[in-house]
Amino acid sequence: MFDITGKRFWFFLISGVVILIGIISLATFGLKAGIEFSSGSMMTLSFEQEVDHDELRQELASLGYTNAIVQRTGEGDFYIRTVTLGTEEKTSLEDALIARFGNLEEAEFYSVSPMVATETAWNAFWAVLAAAVGILLYITWAFRRMPSPFRYGTCAIVALLHDVLVVLGVFSILGGILNWEINLMFITGVLAVIGYSVNNTVVVFDRIRENLTKGVSPNFEIVVNNSLVETLSRSLNTSLTTLIVVLALLLFVGASIQNFAVVLLIGIITGTYSSIFIASQLLVVWEKGEWGRFLQWLPVAKAKSR
Amino acid sequence: MTRRNILALVIILALFAFAICALIYPLFGREELRLGLDLVGGVHLVYETVSEEGKAGDIDRAVDIIRTRIDKYGVTEPIIQKQGEDRILVQLPGFTDIEAAKRLVEQTGFLEFRQVELNEKGNPVYLSDYLEDARSNFFDKDEKGTRIFVDEEGNPIAFLSKNEGGLIYTDEEGNPIDIEDLRQGPTKLLSWIPARGDDGTQLTGGFLKEASPSITTGITAKPEVAIEWNEEGGIIFDDIAERLYPRLSESPERCIGIFLDNTLISSPQIILPAYHGSGVITGNFTIEEVEHLANLLESGALPMPLQKPPLYEEMVSATLGAGFIDMSIKAGVIGIILIMLFMVIYYRLPGLLASLALIFYGTLVLALFKLIPVTLTLAGIGGFVLSIGMAVDANVLIFERMKEELRAGRTLGAAIEAGFNRAWSAIRDSNITTFIVCGVLYWLGKNIVASAPVMGFALTLFIGVAVSMFTAIVVTRTLLRLFVGTPLAKKTALFSPYIGRV
């Protein structure tokens with residue numbers, strides 16, 4: 001039988017490193033907020049003729065939109081994000097582009113006022129918070145017959161924060177390199193990941209609950225390890241089936257749902273990882289009261305790896 | 001095979017047949033799956049209303065008026081709703097001219113009739129007269145209403161009103177204008193005062209009974225709007241006509257100024273002493289303008305203006321949306337096929353049964369989407385596709401449990417029951433956390449302006465997970481039980497490829 005719990009500090013180290021990279025990236029690049037959260041206008045234009053990316057950017061700059069973000073999204077299709085455009089500004093912008101690059105079709109146009117953007121950002125924040133609190137309460141309740149049920153809830157929430165931090169970190173890197181933005185679909189994806197992450201954690205916890213009741217072993221660490229091994233193929237198989245559909249979404253639906261699909265993709269992987277290697281291991285650490293030992297272990301681990 | 005199981009099978013098959021029929025044929029008046037704006041294309045606008053201590057019901061009236069205007073354009077299934085306390089949401093599926101949509105919605109449509117102010121000698125008053133000797137009172141002291149000065153195009157330049165401190169000039173938004181600034185511009189502008197009936201009521205669009213586009217009968221045919229007053233409006237109009245008619249011909253004093261949202265759209269001369277309740281609004285209009293104007297007047301004026309620009313604007317072209325539908329169907333079908341392949345290879349016979357349950361799942365969920373109905377957006381389809389991946393989770397949980405029981409040497413029948421019973425608590429608890437998230441997403445969707453993606457995802461994921469619990473537990477179990485007691489049940493390799501090796 002695999003010994004998973006015995007290597008718990010290694011898993012903490014791996015997660016710690018990944019999250020640290022993410023936090024460094026968050027501190028350097030930050031997150032690029034989409035118009036839903038920071039107001040402005042965005043449009044997707046389809047040009048009939050071939051248009052060069054740099055020429056389009058220069059033309060926009062010469063029209064006064066120096067900070068406009070321009071991205072090619074397909075054959076002759078460009079995503080353009082500007083400050084909030086009024087009716088006249090938009091008409092004159094499009095007329096100028098038609099005069100320069102020939103006929104175009106406006107495939108999409110969105111415009112969000114600052115008031116709505118602030119409101120949406122706050123609501124998204126509250127939603128994430130409410131989801132976390134709701135889950136904490138439910139898991140504490142569901143494990144109420146266990147000794148210290150609050151631990152289960154807390155460990156599930158820590159695993160969930162772990163997953164959210166990884167997703168945010170990756171998106172901050174993607175934002176810094178590829179100008180990816182955090183939009184409403186991103187938040188929807190993050191909430192889905194929260195649900196998914198906890199879903200996985202609960203399955204493992206459920207098995208721990210069952211094995212504890214059955215009295216498999218007096219040693220908590222062994223009970224957790226057995227439970228993890230027993231649920232391992234389920235965890236991997238479910239993640240696999242979900243990954244299959246998310247990949248299908250990403251590959252076939254593409255640009256418009258890209259943020260959402262990538263959040264799910266990262267979230268499913270890290271959600272599976274955290275349910276096995278973080279949430280349950282934290283339970284063991286908490287049970288044994290060995291919070292300090294991780295730090296003592298760290299220099300040893302480094303010495304070993306050298 | 002127990003009698004109960006056969007009954008369950010019959011019910012499941014009946015449900016399956018019902019779901020297929022519901023998808024193919026119109027049922028309960030639902031012809032098609034309802035698709036969101038991002039899939040069919042269209043315009044989505046959210047406005048904030050400007051109301052000073054808004055009267056209750058004003059917004060509801062505004063919603064009705066906007067709906068009347070839009071209905072005349074023949075948009076199918078438009079959504080016009082009050083959102084929160086003071087917002088109005090407008091969704092026009094299939095209508096992709098966002099500027100036309102904005103014109104249609106945001107114009108207040110307040111029609112009023114005005115006449116030229118006269119001084120003591122009976123001559124018309126101009127802006128220059130007011131500016132010359134910095135007056136503190138109106139020329140026509142009996143008329144207390146606001147004066148409007150317009151430029152050559154009819155657009156308002158200044159509004160003149162009186163308060164305790166004297167006369168005050170403001171612009172359209174109500175900001176004060178400096179007198180010196182006004183002196184720099186054109187000043188030979190007529191002073192337009194409200195035109196009132198003998199009882200002092202101002203003539204406005206509120207007294208209209210009918211307004212329709214029409215063409216002048218004359219040498220050169222020109223588009224115009226024919227109007228019909230209600231009884232009171234007819235009397236007021238004739239009061240005014242009687243007063244203005246005897247003036248000198250061609251003099252401005254004989255004009256009646258027709259103002260739409262403070263803009264002078266026409267200023268015809270009164271050439272009859274009485275019109276008996278009907279008339280026409282002539283001017284330099286195109287046919288489109290006349291149709292728009294008639295629609296505005298017929299629908300009535302908004303009780304309060306809308307703030308421009310809108311809080312939120314969204315336009316998606318129809319071609320883009322159609323592409324999304326094709327792509328997401330492809331993604332869904334490929335996803336389902338791959339999952340079925342995986343399940344059959346990994347779990348053998350139970351996997352095959354779970355795949356059948358998955359087909360049943362997809363059909364039932366789509367049928368529910370159509371019947372409820374759920375508006376499918378791109379994110380909603382994302383939620384559905386994701387739920388397909390998660391739908392097999394319950395089966396995976398159960399089958400893993402079954403394998404353990406089979407390895408422990410139980411018979412198939414016992415293993416099935418134990419597998420389902422033991423997996424239940426995990427299925428329940430894990431799905432409830434997903435429901436909590438769906439609830440939070442639904443709340444978020446209710447509280448934000450650009451709600452469609454969030455709401456769509458929350459609904460489809462919720463329905464998907466709920467139905468998956470049913471199909472994974474009831475359908476798969478019923479199908480599996482069919483094999484209990486048959487010779488197939490002895491061939492454990494069909495149920496778990498690794499049993500022999502462990």
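**Helix packing and backbone features of chain B**

In this predicted model, helix α1 of chain B contacts helix α12 of chain B through N5(B), A8(B), L9(B) and I12(B), which meet V474(B), V475(B), T478(B) and R481(B) on the α12(B) side. Sorted by class, this contact comprises five nonpolar, two polar and one charged residues.

Two packed helices are described by the angle between their axes and the distance between the axes. Here α1(B), residues 3-24, and α12(B), residues 452-481, pack at an angle of about 130°, and their axes lie 10 Å apart. Angles over 145 degrees would count as roughly antiparallel and those from 65 to 115 as roughly perpendicular; α1(B) and α12(B) are therefore oblique to each other. The crossing of α12(B) by α1(B) is left-handed.

Helix α11(B) covers residues 412-447, and its 36 residues should span 52 Å at 1.5 Å a residue; the end C-alpha atoms are 51 Å apart, which agrees with that expectation.

Most residues other than glycine have a negative phi, and most peptide bonds are trans. Against this background, K308(B) and P309(B) are joined by a cis peptide bond with omega about -5°, and P309(B) sits in the loop between α8 (287-299) and β14 (312-316) of chain B. A cis peptide bond also joins I372(B) to P373(B), with omega about -15°; P373(B) belongs to the loop between α9 (318-371) and α10 (378-407) of chain B. Finally, N262(B), a residue other than glycine, has a positive phi near 70°, and its place is the loop between β11 (256-260) and β12 (263-266) of chain B.

Key. Residues numbered from 1 in each chain as written. Chains lettered and ligands numbered in written order. Predicted model: local features only at pLDDT ≥ 70, side-chain atom pairs only at ≥ 80, totals over all residues. Helix = DSSP H or I, 4+ residues; strand = E, 2+ residues; numbered from the N terminus. Expected span 1.5 Å × (residues − 1). Axes fitted to C-alpha atoms, helices over the stretch in contact; angles between N-to-C directions. Parallel < 35°, antiparallel > 145°, perpendicular 65-115°, else oblique. Left-handed = near helix turned anticlockwise from the far one by under 90°. Contact = placed C-beta atoms within 7 Å. Nonpolar A, V, L, I, M, F, W, Y, C, P; charged D, E, K, R; others polar.
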